[in-house]
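Me: Hi! Could you walk me through this structure? I'd like to start with the contacts.

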Amino acid sequence: MSQQPRRPWIVGVSGASGTPFAASVVRGLLAAGEDVDLVVSRASRLTLLDETGIAFRDAHWRDDLASWLARGADGKPDTFDPDLSGVRHWPAGDLAAGPSSGSYPAKGMLIVPASTACVAGVALGLSKDLLQRAASVTLKERRPLVVAVRETPLSGATLKQMVALDEAGAVVLPASPAFYAGATHIQDLVDFVAGRVLDAAGVPHGLYRRWEGELGGGSRTA
């Protein structure tokens, strides 16, 4: 019996603040049984080091990713224990990597978080690194692209670029947590945003309590 070919979601992590959002999305994909191709930009490695103290190194990416994904949004280590067997890492500078080609079998791409520089690069069709190239490929192949913008306030130029992404077929998803789901912890707010990213990609998850049309439902304990 032939094995199903690997068809991952590409997760791009840009330099915007919000590395816990990326960690939650990757954990959610893995929990759903999805494969993940990870592209971590150079700028995002500085942000990750600043926000978590974790240095993401190409030569030791699996160990560094394990530390990152195990960390809770509150900074506590060993909060989660995800299985990384479905993850493949591509260096951001490798423009000959699989995701740089439209013939590479990917389901789509999630950019979490997306900086304004990333938004501009993708909207303009630039390919300065693998993250931008993979996003351009995703759009031209008419595959799902979710761009989780994490910036405030937004300039007029960025707003125009976000409209251009929407017109190109991407889902522009600001990293805006909601409170109706009954959040009691910072992880709940992070998981809400990650859950909305996965919703946009059509990936099932249980990261947040969904609205059921009942006022006050989020304030009740289960």
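Reply: Happy to. A contact here means heavy atoms within 4.5 Å. This is a predicted model, where local features need pLDDT of at least 70, side-chain atom pairs count only at pLDDT 80 or more, and totals for chains, interfaces and linings use all residues. Residues are numbered from 1 along each chain as its sequence is written, and side-chain values use heavy atoms, with hydrogens and water left out.

Me: Thanks! Among contacts between residues at least 6 apart in sequence, what percentage join residues at least 24 apart?
Reply: That comes to 71% in this chain.

Me: And how many helices and strands are there?
Reply: The chain has 7 helices and 6 strands, taken as DSSP runs numbered from the N terminus (helices are H or I with at least four residues, strands are E with at least two). Their order along the sequence is β-α-β-α-α-β-β-α-α-β-α-β-α.

Me: Why call the chain as compact as a globular protein of that length?
Reply: Its radius of gyration is 17 Å, close to the 17 Å from the globule rule for 222 residues, so the chain is as compact as a globular protein of that length. The radius is taken over C-alpha atoms, and the rule is 2.2 Å times the number of residues to the power 0.38. Along the principal axes, the C-alpha trace spans about 50 × 45 × 40 Å.

Me: What share of the residues is buried?
Reply: Buried residues are 49% of the 222. Buried means under 20% relative accessible area, exposed over 50%, and partly exposed in between (1.4 Å probe, protein chains only).

Me: New topic: how many aromatic pairs does the structure hold?
Reply: There are 5. Rings of Phe, Tyr and Trp (its six-membered ring) pair if their centres lie within 6.5 Å; planes under 30 degrees apart are stacked, over 60 edge-to-face, and the rest tilted. One of the pairs is Trp-90 with Tyr-104, edge-to-face because the centres are 6.1 Å apart and the planes at 90°. Both residues sit in the loop between strand S3 (87–89) and strand S4 (108–114), 14 residues apart.

Me: Are those two buried or exposed?
Reply: Trp-90 counts as buried at 11% relative accessibility, and Tyr-104 is buried at 15%.

Me: Which residues do ring pairs link into a cluster?
Reply: Tyr-180, Phe-192, Tyr-208 and Trp-211. Within that group, Tyr-180 and Trp-211 form an edge-to-face pair, 6.1 Å centre to centre with 80° between the planes. Tyr-180 is partly exposed at 36% relative accessible area, and Trp-211 is partly exposed at 47%.
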